[in-house]
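Student: Please take a close look at the pockets and the helix packing here, and walk me through them in one connected answer.

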Amino acid sequence: MHIFVQRQTLQTPVCGLLGCDYPVFLAGMGGVARSELVAAVCNAGGFGFLGMVREAPKLIRAEISRVRAATPRGFGVNLIPAATPPDLLEAELEAVIAEHVAAVTLFWDMSPALVHRLRAAGCLVLSQVGSADEAAAAVAAGAHIVIAQGFEAGGHVRGRIPLKTLIAEVVARVDVPVLAAGGIVDGRDLAAALALGAQGAVIGTGFLATRESFAHDYHKERIIAAKPGETVHTQAFHINWPAGTAVRVLSNSVTRGEHGDPFAAGRRIIGGQGQRPIYLFSTDSPLRDMTGEFEAMALYAGTGAARIESIPTAAERLAAIVEEAARILDSPSSPEHG
Ligand SMILES: Cc1cc2nc3c(=O)[nH]c(=O)nc-3n(C[C@H](O)[C@H](O)[C@H](O)COP(=O)(O)O)c2cc1C
């Protein structure tokens, strides 16, 4: 299908708001969504978020300039206040505001004061939520866009509601654009999310499994090998985050209980990233610059991992998704043509 037709078919108001060609968003995955991946997604017509949770302001500024050197397109930054010490969060915010970043995605808790501050600095604010009540609270606080994160999502999972139900509930509740996240890996998933009223798809696992992502090859290979039903929703990976938070990961020796009680006293080092130790039961996932026992780390993956079979470039993954979605939505039997 001609690229112009694809763009027309898939374009939603949020594309105009953020200045991208396609309603496909790279999730701000901590550690994984670094400048190389963000620039690749933006250059391919999508919109990327740098995953900067708990990163030093120096790295944030360096990553922002690397993206700017690699693409003229807009992009955003993801921060997670609940998982960041207050002093560091303040320094991160100062860096993001000083750099005039176009958009910031916040996740986990909602701070109206923070949303206010980012808005006042001219940032578009996105808030990833797990329920319609949270979506309403985010919009009341001033969020411009909400991301409805379904239970299928990889990484930290905010709610318990399956994506299809959640999109319908959130779209009915708020009057700002809604993006869908959780288990979306192909054009069929994107078409379904758009048909339900979402204005775009936020993709994590699908872009983790690309050449440009900063995930370690071990993690990418495990995603390719994943079978249906292999992801686990667990609280076992908890060090670095507030208590009681759940993640979706591929099953491994930790989720099978082979290392004992994750909440027992004492910490065991299982790897390193430069001088930084990586602890068993921490939320760190294997990255390119880490060494250690990758098998026992948090192998984040959404339920869509079972349908990922290769490690293409991010542009190839994005093109395949938009071509398939446009074909489905353009076919005479599509509900959109009703
Ligand atoms: C490896 C990985 C790391 C993630 N890190 C973050 C993060 O730092 N901040 C955030 O808001 N969401 C994070 N998420 C969740 C994503 O924002 C998104 O909800 C999720 O990836 C969507 O599901 P999918 O992985 O099935 O596409 C992460 C997800 C993955 C897979």
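Tutor: The crossing of H5 and H6 is right-handed. In this predicted model, helix H5 covers residues 86-98 and helix H6 covers residues 112-120, and the two pack with their axes 10 Å apart at an angle of about 25°. An angle under 35 degrees counts as roughly parallel, and H5 and H6 are therefore roughly parallel to each other.

H9 packs with helix H12 (residues 314-330) at an angle of about 50°, and their axes are 7 Å apart. That angle makes H9 oblique to H12. The crossing of H9 and H12 is right-handed.

Helix H9, residues 187-195, also takes part in a pocket: along with helix H8 (163-173), H9 gives two or more residues to the lining of the second largest pocket. The space in the second largest pocket comes to about 160 Å³. Its lining is made up of Glu152, Leu163, Lys164, Ile167, Gly182, Gly183, Ile184, Asp189, Ala192, Ala193 and Leu196. Sorted by class, six residues of this lining are nonpolar, two are polar and three are charged.

That leaves the largest pocket. About 950 Å³ of space lies in the largest pocket. A total of 47 residues line the largest pocket, and those closest to its centre are Gly28, Met29, Gly30, Val53 and Tyr300. By class, the lining of the largest pocket holds 21 nonpolar residues, 20 polar residues and six charged residues.

Several elements contribute to the lining of the largest pocket. Domain 1, which is assigned to 3-214 + 309-337, and domain 2, assigned to 217-304, each provide at least three residues of the lining of the largest pocket.

To put the parts together: the largest pocket takes lining residues from both domain 1 and domain 2, while the second largest pocket draws two or more lining residues from each of H8 and H9. H9 in turn packs against H12 at an angle of about 50°.

Terms used
Residues numbered from 1 in each chain as written. Predicted model: local features only at pLDDT ≥ 70, side-chain atom pairs only at ≥ 80, totals over all residues. Heavy atoms only, no water. 1 Å grid on protein atoms, 1.4 Å probe; cavity = no way out; pocket = protein on both sides within 12 Å on 5 of 7 lines; lining within 4 Å. Points joined across faces, edges and corners; volume = space filled by probe spheres on them. Nonpolar A, V, L, I, M, F, W, Y, C, P; charged D, E, K, R; others polar. Domains from an automatic or database assignment. Helix = DSSP H or I, 4+ residues; strand = E, 2+ residues; numbered from the N terminus. Axes fitted to C-alpha atoms, helices over the stretch in contact; angles between N-to-C directions. Parallel < 35°, antiparallel > 145°, perpendicular 65-115°, else oblique. Left-handed = near helix turned anticlockwise from the far one by under 90°.
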